[in-house]
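Please keep the structure at hand while reading.

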Amino acid sequence: LSGIALMLDPEVIIIGGQISEAGAALFEPLAAELRRRTRVMIRREVPIVPPQVSDPSGVCGAAALVFTA
């Protein structure tokens, strides 16, 4: 993730999917590690956040399997 942040210089990193449900247990240590690895090159904090909208792709995929079976 730090390599991608250094190459693309994003304003924010959005972590979606089921892993984003981990909340602060995931986002706080991840943000701290990203800061540690990129602070010299980027010189600003890149926020890591969950998506603002839910991702129904898992439900859509399950529904598609039902209708094609």
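Which residues form a nonpolar patch on the surface? The patch consists of Ile 4, Met 7 and Leu 8, and together these residues have about 360 Å² of accessible area. Leu 8 belongs to helix H1, which covers residues 2–8. Leu 8 counts as exposed because its relative accessibility is 62%, and the cut-off for that class is over 50%.

The charged side chains come next. Side chains of opposite charge can pair when their charged atoms come close. In this predicted model the count is 4 salt bridges. One of them joins Asp 9 to Arg 44, with the closest N and O atoms 2.4 Å apart. This pair links distant parts of the chain, its partners being 35 residues apart. Asp 9 sits in the loop between H1 and strand S1 (13–14), whereas Arg 44 sits in the loop between helix H2 (24–42) and strand S2 (48–49). Asp 9 is partly exposed, at 43% relative accessibility, and Arg 44 is partly exposed as well, at 30%.

Glu 33 forms a salt bridge with Arg 36, the closest N and O atoms lying 2.6 Å apart. These two residues are about one helical turn from each other because they are 3 residues apart in helix H2. Glu 33 also meets Arg 37 in a salt bridge, at 2.6 Å from N to O. Glu 33 and Arg 37 are 4 residues apart in helix H2, again about one turn. Through shared partners, the salt bridges join Glu 33, Arg 36 and Arg 37 into one network.

Conventions
Residues are numbered from 1 along each chain as its sequence is written. This is a predicted model: local features need pLDDT of at least 70, side-chain atom pairs count only at pLDDT 80 or more; totals for chains, interfaces and linings use all residues. Side-chain values use heavy atoms; hydrogens and water are left out. Patches are made of residues with over 30% relative accessible area and no salt bridge: like charges are joined within 9 Å, nonpolar side chains (Val, Leu, Ile, Met, Phe, Trp, Tyr) within 5 Å. Accessible areas come from the Shrake-Rupley method with a 1.4 Å probe; for residues, only the protein chains shown count as cover. A salt bridge is a side-chain nitrogen of Lys or Arg within 4 Å of a carboxyl oxygen of Asp or Glu. Buried means under 20% relative accessible area, exposed over 50%, partly exposed in between (1.4 Å probe, protein chains only).
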